[in-house]
Amino acid sequence: MNEISYSTASALQRFEPVRDAVYSIEAVVHITQTPRHLIAVYCRHGLIAPLAPPEIEGWRFDDDAIRALRRLEGLRTELGL
């Protein structure tokens, strides 16, 4: 029997959202393991959106944005986009 071992440092953890939670960009970076710059690029291209204009309330996201970001990152790494 072969056992597969995954490193906790590189493996994505299952995301269990808290109802109506709001996440800072630092939390989103930690949860998704996506650099801040790439999150800003995705926002600029309309692929994800902060809850309010960042100039007014800072970079804040909900669980839908985190799910979308995880899908984007999965596509980027799997397809090399």
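# A guided tour from Val29

Begin by selecting Val29: apart from neighbours within four places in sequence, Val29 is in contact (heavy atoms within 4.5 Å) with Thr34, Pro35, Arg36 and Ile39. Residue numbers start from 1 along each chain as its sequence is written. The model is predicted, so local features need pLDDT of at least 70 and side-chain atom pairs count only at pLDDT 80 or more, while totals for chains, interfaces and linings use all residues, and side-chain values rest on heavy atoms, with hydrogens and water left out.

Val29 belongs to helix 1; helices (H or I, at least four residues) and strands (E, at least two) are DSSP runs numbered from the N terminus. With a relative accessible area of 25%, Val29 is partly exposed, a class between buried (under 20%) and exposed (over 50%), taken with a 1.4 Å probe and protein chains only.

**The whole chain**

Next, display the entire chain. Four helices and two strands make up its secondary structure, in the order β-α-α-α-β-α from the N terminus. Of the 81 residues, 28% are buried. Among contacts with a separation of 6 or more, 54% join residues 24 or more positions apart.

**Helix 2 and the core**

Select helix 2 (36-44). Its buried residues are Ile39, Val41, Tyr42 and Cys43, and they pack against helix 1, strand 2 (60-61) and helix 4. Just after helix 2, Gly46 has a positive phi of about 75 degrees.

Now select Tyr23, Val28, Ile39, Ile48, Phe61 and Leu69, which touch the most other members of the 15-residue largest nonpolar core. Such a core is a set of buried Ala, Val, Leu, Ile, Met, Phe, Trp, Tyr and Cys residues joined through side-chain atoms within 4.5 Å. Helix 1 (25-32), helix 2 and helix 4 each give two or more residues to this core, and helix 4 supplies the largest share, five residues.

**Salt bridges**

Arg36 is partly exposed, at 43% relative accessibility.

Move on to Glu73 and Arg76, whose side chains form a salt bridge at 2.8 Å, N to O. They lie three residues apart in helix 4 and are therefore separated by about one helical turn. Glu73 counts as buried at 11%, whereas Arg76 is partly exposed at 31%. Then select Asp63, Asp64 and Arg67, which a network of salt bridges links. The whole structure holds five salt bridges.

Finally, select Leu81, in the segment after helix 4 (63-79). Leu81 is exposed because its relative accessible area is 69%.

Key
A salt bridge is a side-chain nitrogen of Lys or Arg within 4 Å of a carboxyl oxygen of Asp or Glu.
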